Structure formats: C-alpha cells, structure tokens
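Hi,

Here is the structure I said I would pass on. Have a look at it first, and my notes follow below.

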Amino acid sequence: MSYQFYLGYSYESNETTNQYLRFARATSYAIFVLLAVLSLPVMRNSITFIRSKPIAKYLPLNKNRKLHHYLAHVFMLLVSIHASQYLFYYDSLATDFTDTLLAKESDLVRSMQTTMYEFVSEDESIILVADWITQGASHEAYLSEIKPFLKEDCTSCHSKGSSQTWAVPELSLTQYGEVLEWTNSGLTSKQFRINISGLLMFVITLLIWVMALRVVRKRLYQHFQKVHRLAYLMVMLVLLHLPLNSAWLVPMLVLIVLEVYLCRYRNIYRNCQAVMTPLAKDVIRLTIERPEGFVINAGYYVQIRIPSINKHEWHPFSLTGPRPKEQQLVLKIRLLGDWTKQLAKQVKSFNDVDIRGPFASPARITLHSKHSWLMAAGIGITPFLGVLRQHALHPKQDKQIQLLWVVKELQLLAWLKPLIEPLAQQSTLRCNIQLYLTCDIEPMQLPDWCHHLSDNLTISLTMGRPNWSEISTKMGKYDIKPDCYTCGPKSFSKQVARLCRSNKLNFIEEQF
C-alpha cells in the first residue's frame, strides 16, 4: 500500500497537477490494494478451511476480526481523503465545478481541459474537438480534422502499441469507433459514472463504518446487520467506479461470489425442528434436529436465524461437539440481549430455525496443540466441551489438557458429567480439570461422579475466584509451554491475556 501510495503521489501530468490531485491519486492507488484484502479476514468458509489444517496453529487467525476492523478504519480514512481531494481538485480547475462533477462536457473534452491540458492538449485542439462533437461527430470530419490531431498528440500514449512510461493503452484512440465512445456527456459519460458512483460509495462506506463502530453495533445490532449488507451494493459500484486496468481485482471478486454462494445456498439449512430447555436462571439449551448432510465437529460454530423473531438477523453459537449418534445440534445460550430474551419466550418446541454453517472457530486449533490450557468462564465452556468430547471419543496422540472453568451456577457443573468416564478411559490423554464455583453457598464437595477417577484424569473444586498468581506459577513449571485458549466475558479474557503475556504463552481467544 505504501509503495502504491508513492506511485500515485509521484504522478505528474501537467500544470493542473497540484497537491489535491496528488493525494487523490495516491489514495486511489492504495485503495486498490486494500480492496483486494479487506474482505478476506471475514470469509468464513476460507477461514474454516485454513483452521482445519495443522498450519493454522502458526497463523494469526485468531486476530482475523481485529484485522478486518483495522483495515476498515484505514479504508474509511483513505476513502475520505480520496473523495475530498478530488472535490478540491475539481474546484481548483478553471472549468466550473458543477460542470466537471456532472460531466456536462464530453469525456474527451473534459480530459483535454483537465488532466491533459497543456501536456498534449492546447486550446485550439480543445475547441476543434468540442465543435466536432457538437456538430454530430461525423466520420468524415473525424478523418479530415480529428484523426490527424489525435495521431500527433494522443496515440503515443493511448494506443495498443504504446511504449510510453505513463501510457494507458487500454484507452485506444486509433479508430473512429473507439474515439466515439469518449464523446458522451452527462448521464451517459464515463466521468459521470465515475463521479456519482464514487460519491455513492463514500456515503455507503461512511454509513457502514458508523454502524460497525462497537458502541453503535452493540446497541443497534439488528440495524448493523442490515446496513452491512450494503457492502454487496458497494461491489457493484466499485465495478462502475474503477478504471479499466483493474482486472487484477478479479480474484477477490471471485472469492466474494463463492463465499456468498456457500453462505446463502450451499451451507444453509432451513426450517429445522428445535426444542428449548431451561438450564439455569438465564441459560437455556437449544436442541436442534441435525439436518441431512450437516457434519458436527469439535471447535465449530453455527449461525442461527429464527424468522418468527427476526427474519434477517443471524447469531453465532458454539457447537458442543460430536455425539455418539450425532442426530442433534446442542447449543447452550445465555440470555443477554434482546434477541436471546425473545428466544426464551418461544414455545418449547418449534420448527422455524434456519442454520448456516458450520464454521471453524479458534477453538478448532486446540486439536493441533500437544499441551493446552482451556480457560472458560460461565457459558464460555461450550466450545471446550466439544474439544473434550472429541478427545474422549477419537483420541489420536499423546496430549495434555488443563481445563480451568469459573462458574457461578452450581447446576452447570453437570455438563461435564457425560465426559468424565470416557476421558478417564483414554490412556493417551492427561487431563486436569480445575473448577471454581463463585456462587454464594456453603462450601461443598465434588459431586459423586467426580470420584474414583484414573491416574490420567484429576478434578479439583475451589470455592471463589481463581488465584491468578498461583496459576501463573504453575504455568511456568512446564517444560513444554502450553497454548492458552479462552472463552468468556471480556473482563475474564483480558485477565487471561495478561496472564499469558507475563508467561510468554500463545494466547487465543474464542471469537467469531
């Protein structure tokens, strides 16, 4: 991007080239690069494919959302500079600002009056071409008056055989039909298309950026999702706005089309039957009948939509992993926002759940780690239940897992019960589970199903919150440094992140 910015800023055409035009072109060159990568971090199917491979452990895929946010901020900055500088440039020209913006002159005359003025175009030539277009742009007048002038002044750059440094051979001006394409003005001109599509893109980009800001997104999530769909309109406007030599963006467009196809047509299941069961005061379990062809794997999540609540709103939830019969998808949901609270008001059994996915989450990478610390708070245990179930049912090689779970609802401890016996039977897996119960009850002992375990499985229960200093000391004693994975509230994840930084450990946060 920096190199492209330099190329655009170094551009020199004629005496109308000023700082406005330099910055406008420089930002446009940089935007080309940004457009090619802006959507890559949020292409769920591509990320899922990469996360399923062992190399995913060594790639910063857990920062893909942050990367998309940073790129979006840079994109908004560059677009603002690009749009404003071109408007200032138009205002600095001798021609009327409105006439230039709305392309009242033909494309050929406009370029001769601005970009090419006194570079290859003089006043006499501009008048000659303008009169020719006004009089109907006849073929006879072209051959006798216009073609000799174009051949002498323009075709050194605008011809297929041009070898000039700043040549634009795509705008060939060697044939009458080619020249005729540049005689349009107003609504049918190329400049009008570029100017208006650019202004529309600026407005849409600004709207998407504002709605995506965290403070706005959290309050107006439903509207955020709707506004974000304007990005599809942006793609069409980009095709109208970009110059003809932007074919190198085609791979990015192909990826976008493929991603949309997979998300909207291939990996989507409609009208699935679901049963809702209360688990705690503000926690429910949503059991969905597994659609035909849907494969359940550990470390994956799905997006669900319930049209009876909102037919446009999708929400992501972790899967609890594969089960022996694999006839059900089990989602554990805490009632936090408006949508989940409306979900809790549904009847216990309903048939209008739409599913999109599955997609790999950062928890998928735990399957490739030899030594893992899984640190969860509350319902954040969900993705790690799938990981433990995967290791219990399908052991592969020697692994060591430390599970730390901070929970305030006593009844949620029962989620571990079905996993204890199969985990204890795995000789290739060493698992230590540390439970922290933060509810205000009398000190209690571990449930009966936590006793009589094998040597490779240990469980401890502590009343209250974790002692992070003590945990940090334990982390430093291992010969093989563990990879730390966390899922839970932001305050909990930040504490774990500080712990990992102090011990120089790889930190991966479950997010999607």
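**What turned up**

Ala-141 counts as buried, because its relative accessibility is 19% and the cut-off for buried is under 20%. Keep in mind that this is a predicted model. You'll find Ala-141 in helix α8, which covers residues 139–153. Leaving aside residues up to four places away in sequence, Ala-141 touches Trp-132 and Ile-146.

Next, the surface. Val-37, Leu-40, Leu-255, Leu-258, Tyr-261 and Tyr-265 make a nonpolar patch of about 550 Å². Which helix gives the most to the nonpolar patch? That would be α14 (residues 250–266), with 4 residues. Tyr-261 sits in helix α14, and with 41% relative accessibility Tyr-261 counts as partly exposed.

Then there's the sheet. It is an open one of 6 strands, paired antiparallel, and the order reads β4-β3-β6-β1-β2-β5. The edges are taken by β4 (315–318) and β5 (328–334); each has a single partner strand, so one side of each is left without a neighbour in the sheet. On average, neighbouring strands of this sheet are turned by 40 degrees against each other, direction ignored.

Cheers

Notes: Residues numbered from 1 in each chain as written. Predicted model: local features only at pLDDT ≥ 70, side-chain atom pairs only at ≥ 80, totals over all residues. Heavy atoms only, no water. Patch = residues over 30% accessible without salt bridge, like charges linked within 9 Å, V, L, I, M, F, W, Y side chains within 5 Å. Areas by Shrake-Rupley, 256 points an atom, 1.4 Å probe, with all protein chains shown as cover. Salt bridge = Lys/Arg side-chain N within 4 Å of Asp/Glu carboxyl O. Helix = DSSP H or I, 4+ residues; strand = E, 2+ residues; numbered from the N terminus. Buried < 20%, exposed > 50% of the residue type's maximum accessible area, 1.4 Å probe, protein only. Contact = heavy atoms within 4.5 Å. Pairing = 2+ DSSP bridges. Axes fitted to C-alpha atoms, helices over the stretch in contact; angles between N-to-C directions.
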